[in-house]
Amino acid sequence: MSERAPLPRREFLRRGAQLGSLAAGALAASLVLDDCGTRAGVSTTSSTTTTTALTPASATDWVRLASSLHGTLIQPSNPSYGVDRLLYNSKFVDLHPRAIAYCQSAEDVARCIAFASAHDLAFAARSGGHSYAGYSNSSGLVIDVSRLASINVDTHANTAHVGAGAQLIDVYNAIGSHDRLLPAGSCPTVGIAGLALGGGIGVFARRYGLTCDNIRSVTLVTADAHVVTADHHRHADLLWACRGGGGGNYGVVTSFEFDVHPMPEVTLFTLQYPWGAAASMLHAWHTWISAAPDELWSNCQLQSRGTYGFLAQVAGVYCGSSAELASALSPLRAAIATEPTYSFSGSEDYLRAMEIEAGCSGLTIAACHAAPKNPRGALSRTAYSAKSSYVDAPMTPSQISSLVSAVERLSIEAPNLGGGLAFDSYGGVINQVAPGETAFVHRDKLACIQASYSWSTFSSSLEIDAGAHWLSWLGADVFTPATGAYQNYIDSTLVDWQRAYYGSNLERLAKTKKKYDPENRFVFAQSIPRTL
Ligand SMILES: Cc1cc2nc3c(=O)[nH]c(=O)nc-3n(C[C@H](O)[C@H](O)[C@H](O)COP(=O)(O)OP(=O)(O)OC[C@H]3O[C@@H](n4cnc5c(N)ncnc54)[C@H](O)[C@@H]3O)c2cc1C
């Protein structure tokens, strides 16, 4: 296959500026490099050598962009703009992108990137819109991939092609209907792109790995508006970076090819304990998961729930029978040495298990989406803030008691807010991958802790402030920053976020960034830098 010569930057910008006047097909042919084209050396011309004047987009330019897209361009004058600009986290109220492009194809994405480059316009990719820090918003152009949501399963090859805008509940529904599974997260409305690019922890991760571990190839539009497919043979460095390097850094992904797995027997369980047993439950859980089989994934929660009181709970999913689960649970139950106040275990098929994990039990798939963007969706958006940290080894009694006290402190300082700590078990297949094998570096952890609190429109600003104060105190005084933080729980207040998210992979991520985005077009407050 011959290599296509890279477009000099000036020519690239010129074409971008002309974009509106070109027919869609002609534009695709002129800007889009086929999958086998090489990216080496593309657009390495530094911006200082560029002589093309970057002109702000005029009203006419926007009209031209709109007419060049197969999808839809929404501007502030459009009646649906008020809904289209929203993210999942309802605390982000001040979102005023210049426009939102609902892309229908990779070529649409390329047009948007070329347009943004030509007019020196900020942009951000958006899939499910769940970024904790709101990084899928932009003051310029939001490149929305939610219409790229097709899901095709090949049961012979055990692979699935998934559009970058598919939401998790639709991924589970489509892949599950072929008796296959993809390990991913639990929230039904999270977008596959943000989740997979930053890791993707979920109830099958100890058995089948993180979502990013199951990426075979990824198709994305890079900063020079080229469509590139990265796999183990082509652009292997880009594939590496897309397996945990975090969303929004290297290009706009339009689709993934994932490994999928034949469905195992699935058994769910929940054990709830009186709050007085919280410390012994957490202690027993840490010891228990250190020796748990890969088939067992679990999560431990310590929550303050306002007028509903405290919650101390271990829940999880076992790939196997109820009888095997019962024997796997018995050391945990014995070590806690307190009778649970609530106990459940039962076999479920995969889709039903994921609906339960997603909190969608009893809803149709259509209803298991968030309103108001999805008119048939029955789920609502939420306002929340969170921080994460990792657990390297079973905690000492004093660490455990300070975490239990931290949840009690939240209930005193913000008695009407819901919040607390959730521990997700790592280990198993997650930790069988070396830290440098993918960009996801957290491969020697026992668990990830997420501290969060949420509020509603009825919450007072005093209580919301108390929650924020609690979270920042916890991050500074209780968490151990050196253990790292999960890049998908992206945290705009984290100080040493580069090392916390990427550890020893940071240098390689920066090198890859310099190669594929030399002019730092994919930039936001916590984007991977080109140099350190
Ligand atoms: C309620 C809730 C539950 C969650 N549960 C889990 C869980 O169980 N497991 C887990 O691992 N994580 C979980 N997360 C975290 C989640 O993985 C991240 O918030 C993730 O980034 C969300 O992806 P998104 O596409 O929905 O978000 P977006 O806000 O759309 O995107 C997140 C980031 O990725 C970028 N991005 C989006 N689309 C693309 C694209 N096509 N190409 C390149 N970059 C892109 C954005 O610019 C942004 O920087 C949860 C989050 C929430 C809010």
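Author: A helix here is a DSSP run of H or I with at least four residues, and a strand is an E run of at least two, both numbered from the N terminus. In this predicted model, P372 has its place in the loop between α12 and β16.

Reader: What is the peptide bond from A371 to P372, cis or trans?

Author: Its omega is near 5°, and the bond is cis. Most peptide bonds are trans, and most residues other than glycine have a negative phi.

Reader: Which loop holds N158, and what is the phi of N158?

Author: N158 lies in the loop between β5 and β6. Its phi is positive, about 55°, although N158 is not a glycine.

Reader: Why is N158 called partly exposed?

Author: N158 has 14 other C-beta atoms within 10 Å. A residue is exposed at 12 or fewer and buried at 20 or more, with partly exposed in between; N158 is therefore partly exposed.

Reader: How do you know whether A225 counts as buried or exposed?

Author: A225 has 31 C-beta neighbours inside 10 Å. The limit for buried is 20 or more, so A225 counts as buried. A225 is found in the loop between β8 and β9, and it too is not a glycine but has a positive phi, of about 70°.

Reader: What makes α6 roughly antiparallel to α12?

Author: Helix α6 (residues 168-176) and helix α12 (residues 350-357) pack at an angle of about 170°, their axes being 9 Å apart. Angles over 145 degrees count as roughly antiparallel, and α6 is therefore roughly antiparallel to α12. At this contact Y172, N173 and G176 of α6 meet Y350, L351 and M354 of α12. The residues of the contact divide into four nonpolar, two polar and no charged.

Reader: Why is α6 described as mostly covered?

Author: Eight of the nine residues of α6 are buried, among them L168, D170 and I175. What covers the buried residues includes β5, β6, β7, α7 and α12.

Reader: What makes β5 and β9 stand at the edges of their sheet?

Author: The sheet is open, with five strands in the order β5-β6-β10-β8-β9 and antiparallel pairing. β5 and β9 each have a single partner strand, so one side of each is left without a neighbour in the sheet. The twist averages 15° from one strand to the next.

Reader: How do you know that β8 and β9 pair?

Author: Two strands pair if DSSP finds at least two bridges between them. Four bridges join β8 (residues 215-221) to β9 in the antiparallel sense, so the two strands pair.

Reader: Which strands pair with β18?

Author: Strand β16 (residues 383-391) runs antiparallel to β18, and nine bridges join them. Strand β17 (residues 418-425) pairs with β18 in the antiparallel sense over eight bridges. I449 of β18 is the bridge partner of S389, while A447 of β18 stands opposite S425.

Reader: Why is β18 called mostly covered?

Author: Seven of the nine residues of β18 (residues 447-455) are buried.

Reader: Which residues of the largest nonpolar core touch the most other members?

Author: Of its 153 residues, these are A101, C112, I113, I143, V171, I175 and I192. Helix α5 (residues 106-118) gives the most to this core, with nine residues.

Technical notes. Residues are numbered from 1 along each chain as its sequence is written. This is a predicted model: local features need pLDDT of at least 70, side-chain atom pairs count only at pLDDT 80 or more; totals for chains, interfaces and linings use all residues. A nonpolar core is a set of buried Ala, Val, Leu, Ile, Met, Phe, Trp, Tyr and Cys residues joined through C-beta atoms within 7 Å. Axes are lines fitted to C-alpha atoms, for helices over the stretch in contact, and angles run from 0 to 180 degrees between N-to-C directions. Angles under 35 degrees count as roughly parallel, over 145 as roughly antiparallel, 65 to 115 as roughly perpendicular and the rest as oblique. Two residues are in contact if their C-beta atoms, placed from the backbone, lie within 7 Å. Ala, Val, Leu, Ile, Met, Phe, Trp, Tyr, Cys and Pro count as nonpolar, Asp, Glu, Lys and Arg as charged, and the others, Gly among them, as polar.
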